[in-house]
Amino acid sequence: FLFQLFCVVLWSLDEYWYYAIFTLFALLMFEGTVAYNRRASVERLRKSTRVAQRLYCYRMKTWMVVSSQEVVPGDLVSLSSDNHNHVPADVLLLQGTAVVDEALLTGESVPQMKSPIDEMASPTSVLHVEEYKSCILFG
């Protein structure tokens, strides 16, 4: 940007006024659109943060209501379509189906359909993310 401004000054001194004015106008428009897009991206990112919600969690052999910010690895979480839960965690879908918007992670504009993990999967086998990515909800 500074090099282009320096060139505009030199062209102005060399009596290329029309070229200098056009270049300055183009530079200001370009920088304005970059700043606008950056501001819009930051606003979208701020809107994507979610407030903590209450949800059912199976912990210590009992179901309890906890905040979504208190979910820890190993918890079983019950989600329903009635209240559109947003959980800030990666979740392995054990039962039911889900439609999720992973646009911020993958860039895909189409919501993704997720299905439960196969009952054929061995509980002792290693979970490969690529193999079971249709069963994982990325939060």
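**Entry 1: the hairpin.** I looked up strands E1 and E2 and found that they form a hairpin with 2 residues between them. I took strands as DSSP runs of E with at least two residues, and helices as runs of H or I with at least four, both numbered from the N terminus. The model is predicted, so I note its limits: local features need pLDDT of at least 70, side-chain atom pairs count only at pLDDT 80 or more, and totals for chains, interfaces and linings use all residues. Residues are numbered from 1 along each chain as its sequence is written, and side-chain values use heavy atoms, with hydrogens and water left out.

E1 and E2 run antiparallel and are joined by 6 bridges; two strands pair if DSSP finds at least two bridges between them. In this pairing I find Tyr58 opposite Trp63 of E2. E1 also pairs with strand E3 (residues 76-78), in the antiparallel sense, over 3 bridges. There, Tyr56 stands opposite Ser78.

**Entry 2: positive phi.** I recorded Met60 in the loop between strand E1 (54-59) and strand E2 (62-67). Its phi is near 55°, a positive value in a residue other than glycine. Most residues other than glycine have a negative phi. Met60 counts as exposed because its relative accessibility is 70%; the classes are buried under 20% relative accessible area, exposed over 50% and partly exposed in between, with a 1.4 Å probe and protein chains only.

I noted a positive phi of about 65° for Glu15, which is not a glycine either. Glu15 lies in the loop between helix H1 (2-13) and helix H2 (17-48). With a relative accessible area of 65%, Glu15 is exposed.

**Entry 3: the faces of E1 and Arg59.** I assigned Leu55, Cys57 and Arg59 to the covered face of E1, and Arg54, Tyr56 and Tyr58 to the uncovered one. Leaving aside neighbours within four places in sequence, Arg59 is in contact (heavy atoms within 4.5 Å) with Met64, Val66, Glu70, Val71, Val72 and Asp75.

**Entry 4: aromatic pairs.** How many aromatic pairs are there? I count 2, under the rule that ring centres of Phe, Tyr and Trp (its six-membered ring) lie within 6.5 Å, with planes under 30 degrees apart stacked, over 60 edge-to-face and the rest tilted. Trp11 and Tyr19 form an edge-to-face pair, 4.4 Å centre to centre with 70° between the planes. Trp11 is partly exposed at 25% relative accessible area, as is Tyr19 at 46%. Tyr58 and Trp63 form a tilted pair, 5.2 Å centre to centre with 55° between the planes. Tyr58 is partly exposed, with a relative accessible area of 31%, and Trp63 is partly exposed at 46%.

**Entry 5: cysteines.** I searched for disulfides, defined as a pair of cysteine sulfur atoms within 2.5 Å, and the count is 0. Cys7 counts as buried because its relative accessibility is 15%. Cys57 is buried at 0%.
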